[in-house]
Amino acid sequence: HFSTLRNEKSLLFSNISTMADLKKKTFNFVQVVSSAMIHSMEVVLQSYRVYDWRRSSAGILDMSCFIRATKRVGFPFTMQEIKMLATEFRYPSDHNMVDYKKFLEWGYPQAKDFVPTKMHESVRSS
């Protein structure tokens with residue numbers, strides 16, 4: 001998927017330890033992907049939708065699916081960083097679920113243009 005971009009990660013990212021650093025790392029990754037692809041944010045979002053079988057407007061995944069989707073996208077996060085993000089973006093009413101919409105909007109504010117309010121409407125229009 002984005003494996004060719006992994007080679008560039010050492011130039012863009014360093015060891016991360018804070019949420020602010022993770023936000024910057026997320027933003028930088030999406031910027032690199034955007035320069036390589038026309039509809040990059042849609043591709044990133046689709047990597048999460050694959051695991052969102054509910055197709056609800058909530059945009060949530062269970063913890064293990066969030067981890068798989070984040071790895072699948074190719075974000076250059078360590079497992080510890082992914083777990084940190086999963087904890088930070090836990091769904092309020094179910095702590096085993098992660099709000100991937102909020103994660104994407106947090107890490108890349110322009111994602112709000114791509115992350116529809118009702119996820120199922122976007123899937124139908126695809």
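Analyst: Contact means heavy atoms within 4.5 Å. This is a predicted model: local features need pLDDT of at least 70 and side-chain atom pairs count only at pLDDT 80 or more, while totals for chains, interfaces and linings use all residues. Residues are numbered from 1 along each chain as its sequence is written, and side-chain values use heavy atoms, with hydrogens and water left out.

User: What does Asp-62 contact, leaving aside neighbours within four places in sequence?

Analyst: Asn-96 and Met-97 are the contacts of Asp-62 on that basis.

User: Where does Asp-62 sit?

Analyst: Asp-62 is in strand S1, residues 60–62. Helices (H or I, at least four residues) and strands (E, at least two) are DSSP runs, numbered from the N terminus. Asp-62 counts as partly exposed, at 25% relative accessibility. The scale, with a 1.4 Å probe and protein chains only: buried is under 20% relative accessible area, exposed is over 50%, partly exposed is in between.

User: Which side chain does the Asp-62 side chain join in a polar contact?

Analyst: That of Ser-64, at 2.8 Å. A polar contact is a pair of N or O atoms within 3.5 Å; within protein, one must be able to donate a hydrogen and the other to accept it, and residues adjacent in sequence count only if both atoms are side-chain atoms. As for Tyr-91, it is 29 residues from Asp-62 along the chain, and their C-alpha atoms are separated by 9.3 Å.

User: Zoom out. How many helices and strands?

Analyst: The protein has seven helices and three strands. Their order along the sequence is α-α-α-β-α-α-β-β-α-α. Of the 126 residues, 42% are buried. Take the contacts with a separation of 6 or more: 64% of them link residues 24 or more positions apart.

User: Now the core. Which members of the largest nonpolar core touch the most other members?

Analyst: Tyr-48, Phe-66, Phe-75, Leu-85, Phe-103 and Leu-104, out of 28 residues. Such a core is a set of buried Ala, Val, Leu, Ile, Met, Phe, Trp, Tyr and Cys residues joined through side-chain atoms within 4.5 Å.

User: Which helices supply at least two residues each?

Analyst: H2 (19–36), H3 (40–49), H4 (63–73), H5 (79–88) and H6 (100–107) each do. H4 gives the largest share, six residues.

User: What does Phe-103 touch?

Analyst: Not counting residues up to four places away in sequence, Phe-103 touches Thr-26, Tyr-48, Phe-66, Phe-75, Phe-77, Leu-85 and Phe-89.

User: Which residues form the one aromatic cluster?

Analyst: Phe-29, Tyr-48, Phe-66, Phe-75, Phe-77, Phe-89, Tyr-100, Phe-103 and Trp-106.

User: Back to H6. Is H6 mostly covered or mostly uncovered?

Analyst: Mostly covered, with six of its eight residues buried. They are Tyr-100, Lys-101, Phe-103, Leu-104, Trp-106 and Gly-107. Asp-99 caps the N-terminal end of H6, with a side-chain oxygen 3.2 Å from the backbone nitrogen of Lys-101.

User: And Thr-70? Which helix is it in?

Analyst: Thr-70 is in H4. Thr-70 is buried, at 0% relative accessible area. A polar atom of the Thr-70 side chain lies 2.8 Å from the backbone oxygen of Phe-66. Beyond neighbours within four places in sequence, Thr-70 contacts Tyr-48, Phe-75, Phe-77 and Ile-82.

User: Last topic, confidence. Where is it lowest?

Analyst: In helix H7, residues 119–125, with a mean pLDDT of 38, against the highest, 94, in H5. pLDDT is the predictor's confidence in each residue, from 0 to 100. Residues 1–13 are below 50, and that stretch has 21 contacts in the model beyond near neighbours in sequence. Residues 118–126 stay under 50 too, with 14 contacts beyond four places in sequence. The protein averages 75, and 66% of the residues score at least 70.

Definitions and conventions:
Phe/Tyr/Trp six-rings, centres within 6.5 Å; stacked < 30°, edge-to-face > 60°.
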